[in-house]
Amino acid sequence: MSVFDSKNRTFRHRNEIDVLLRLKDSDEDVPGVIFASLGERALDLLNDERTFIPVRRDSGEIILIAKSQIASLTERENASNADDDIEQLEEDFSQETIKEAIAKKSFDPYEMLRVSPAASPEEVRAAYKKRIKAVHPDAIASLDLDDDIKKAAILATQKVNYAYQKIMRERGSTTERVV
């Protein structure tokens, strides 16, 4: 993957490494993808000067993990073809492509909003506002992060919007503008 570095006015080339992260105080592995420079290993990322590592989860969500919270990191084999579709989404943000990739990935709108299927419309709306606030590109714009993370924020925002619209359509409600 190539990314244009606007500060240095050059292209940076990145590799995506599929990993399983085990965090301190947890017995479960967190599957995801970390981003490394060409020739850089996953181990090299743990030893550089950064405090946090961006990780793209299998759901497409980007999270930042503090290196001090990582107990172990294991590289894994490439996952499914649905991950290739997520990569395509980074380049093509059309609604149709997003819906196709989400359908292949067995998308659960309730899981995306982190709300129960039995939740009231008010609870769904509150969960939507909370999630959109957490992933919206404007919320991370001031952090001066890589373009990869900004694209991931755009994708996450589209997924959260899609999840909210899908839940409201299923319930027969209109998706009026939430403010």
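**Salt bridges, contacts and cores**

The count comes to 6 salt bridges, where a salt bridge is a side-chain nitrogen of Lys or Arg within 4 Å of a carboxyl oxygen of Asp or Glu. Before I go through some of them, please keep in mind that this is a predicted model, in which local features need pLDDT of at least 70 and side-chain atom pairs count only at pLDDT 80 or more, while totals for chains, interfaces and linings use all residues. Residues are numbered from 1 along each chain as its sequence is written, and side-chain values use heavy atoms, with hydrogens and water left out.

In general, side chains of opposite charge can pair when their charged atoms come close. Let me start with R56 and E16, which form a salt bridge whose closest N and O atoms are 3.0 Å apart. R56 belongs to strand β4 (residues 52-57) and E16 to strand β2 (residues 10-23), so this pair ties together parts that are 40 residues apart in sequence. Helices and strands here are DSSP runs, numbered from the N terminus, with helices being H or I of at least four residues and strands being E of at least two. R56 counts as buried at 6% relative accessibility, whereas E16, with a relative accessible area of 24%, is partly exposed; buried means under 20% relative accessible area, exposed means over 50%, and partly exposed is in between, with a 1.4 Å probe and protein chains only.

The next pair is D48 and K67, whose side chains meet in a salt bridge at 2.2 Å, N to O. D48 sits in the loop between α1 (42-46) and β4, and K67 in the loop between β5 (62-66) and β6 (70-75), so that the pair links distant parts of the chain, 19 residues apart. K67 is buried, at 13% relative accessibility, and D48 and K67 are also linked with R50 in a network of salt bridges.

Now, which residue meets R114 in a salt bridge? The partner is E61, at 2.8 Å from N to O. R114 is in the loop between α4 (109-113) and α5 (121-135), while E61 is in the loop between β4 and β5, 53 residues apart. Here R114 is exposed, with a relative accessible area of 55%, but E61 is buried, at 13%. If we leave aside neighbours within four places in sequence, R114 is in contact, meaning heavy atoms within 4.5 Å, with E61 and R131.

Let me turn to the cores, where a nonpolar core is a set of buried Ala, Val, Leu, Ile, Met, Phe, Trp, Tyr and Cys residues joined through side-chain atoms within 4.5 Å. The largest one has 18 residues, of which L113, V115, V124, Y128, V160 and Y164 touch the most other members. The elements giving two or more residues to this core are α4, α5 and α7, and α7 gives the most, with 7 residues. Not counting residues up to four places away in sequence, L113 touches several residues, including V124, Y128, V160 and Y164. A second, separate core of 12 residues includes I17, L45, I53 and I70.

Finally, T157 is placed in helix α7 (residues 147-170) and is buried, with a relative accessible area of 9%. Again not counting residues up to four places away in sequence, T157 touches I132, V135, H136 and P137.
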